[in-house]
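Here's a quick briefing to read alongside the model. Have the sequence and the 3D view open as you go.

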Amino acid sequence: MSGYAELAVTTNFSFLRGASAAEELVAQAKELGLSGIGIADRNTVAGVVRAHVAIKELLPKEAGLKLAVGARLVFADGTPDILAYPASRQGWGHLCRLLTSGKLRAGKSDCILTIQDLLDRITALNLIVCPPQQFKPKALLELLARLNKVARGSIWLGTSMLYRGDDSARLARLASIGAEADIPLIAIGDVLYHVPERRALQDVVTCIREHLTIDQAGRRLEMNAERHLKSPAEMVRLFRKAPSAILETQRFLKQCDFSLDQLQYEYPDETREGYATPQQALVALTEQGMRRRFPDGIPLKVQKALAHELA
């Protein structure tokens, strides 16, 4: 039986979208016998740390479950969602700068990204394009060609089987588009929770997000409870008409050669030109700031607070 890695996993760090914690998803992935799990939250890498710690603390090294850390890039210009996973430490830097750029443009809890942002920092990233339920083949082909031109060998076309009624026809369309664009098809489960029973909670958070009651939500809710982690055997069965899509999950996982273990805290150099020590610089700069902030005299309460903090 082929191995399978689930590379489209949303945690509850995708606020009001994911319905399971990273720790639950990691434990279930191990229980199901997956070879890997990719954590990709919506325009954030916030969920990857919990997954990283869970794998290190909950599972022995020989468990065989590899973690890929990334993000689900959601664009403001109509581009389909793209899962972005660093291939190296350089790729991690590019992904973090990309997300930072998007967040600096937006208000609190938002992120504004365009496809050009990704193209500007695409080096050392492995990408899975995730077409929406309804898509235009021509536009999708143009996007794949544009990505492939600058990152050949690092682009995949994601496809899922979620019992929505048109799975087989959709798979055939995407396989045809992938072949025309010379982009491999890759299987994804588009996971929102670790077990089917968590679907009820996912419905509730959807209602909160949409400001609706459960009776009003209608088609905004998932039509079934299939957005959970599945075993390799089940995924092989679902993709029996496209077995290469399962094999591609292993190739993709192998190309994600980055771990959070590679990160080490790099303390910035102190800015203290003209001062003997960083502390002297801090005191002098603070005094300058106080005089600017309180030109008519520094309140005694402020003087006491600053003296306490500097000490």
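The largest nonpolar core has 62 residues, and Leu73, Leu118 and Leu147 are the ones with the most contacts inside it. A nonpolar core here is a set of buried Ala, Val, Leu, Ile, Met, Phe, Trp, Tyr and Cys residues joined through side-chain atoms within 4.5 Å, and buried means under 20% relative accessible area, with exposed over 50% and partly exposed in between (1.4 Å probe, protein chains only). Helix H5 gives this core its largest share, six residues.

Keep in mind that this is a predicted model: local features need pLDDT of at least 70, side-chain atom pairs count only at pLDDT 80 or more, and totals for chains, interfaces and linings use all residues. Residues are numbered from 1 along each chain as its sequence is written, and side-chain values use heavy atoms, with hydrogens and water left out.

**More on the cores**

- Leucine 118 is in contact (heavy atoms within 4.5 Å) with Leu73, Phe75, Ile82, Leu98, Leu125, Leu127 and Leu147, leaving aside its neighbours within four places in sequence.
- There's also a second, separate core of 15 residues, and Leu7, Ala8, Leu83 and Phe252 are among them.

**The sheet**

- Seven strands make an open sheet with mixed pairing, in the order S1-S2-S3-S4-S5-S6-S7. Helices (H or I, at least four residues) and strands (E, at least two) are DSSP runs, numbered from the N terminus, and two strands pair if DSSP finds at least two bridges between them.
- Strands S1 (5–9) and S7 (185–187) sit at the edges with a single partner strand each, so one side of each has no neighbour in the sheet.
- From one strand to the next, the twist averages 30°. For angles, axes are lines fitted to C-alpha atoms (for helices, over the stretch in contact), and values run from 0 to 180 degrees between N-to-C directions.

**Strand S4 and its partners**

- S4 (residues 81–86) runs antiparallel to S3 (residues 66–73), joined by three bridges. Arginine 72 stands opposite leucine 83, and alanine 71 has alanine 84 as its bridge partner.
- On the other pairing, S4 and S5 are antiparallel over six bridges. Aspartate 81 is partnered by cysteine 130, and proline 86 by leucine 125.
- Six of the six residues of S4 are buried: Asp81, Leu83 and Tyr85 on one side, and Ile82, Ala84 and Pro86 on the other.

- S5 has six of its six residues buried, so it's largely enclosed by the rest of the structure. Leu125, Leu127 and Val129 lie on one side, with Asn126, Ile128 and Cys130 on the other.
- S5 runs parallel to S6 (residues 155–159), with three bridges between them; isoleucine 128 has tryptophan 156 as its bridge partner.
- S5, helix H5 (residues 137–151) and S6 make a right-handed β-α-β unit. Right-handed means that, with the strands pointing away from the viewer, the path from the first strand over the helix to the second runs clockwise.

**Helices**

- Helix H2 (residues 48–58) lies across S2 (36–42) and S3, at about 170° to S3. Helix H3 (residues 89–105) packs on the sheet, touching S3, S4 and S5 (125–130), with its direction at about 30° to that of S3.
- In helix H10 (residues 278–293), the buried residues are Ala281, Ala284, Thr286 and Met290, and helix H11 (300–310) is included in what covers them.
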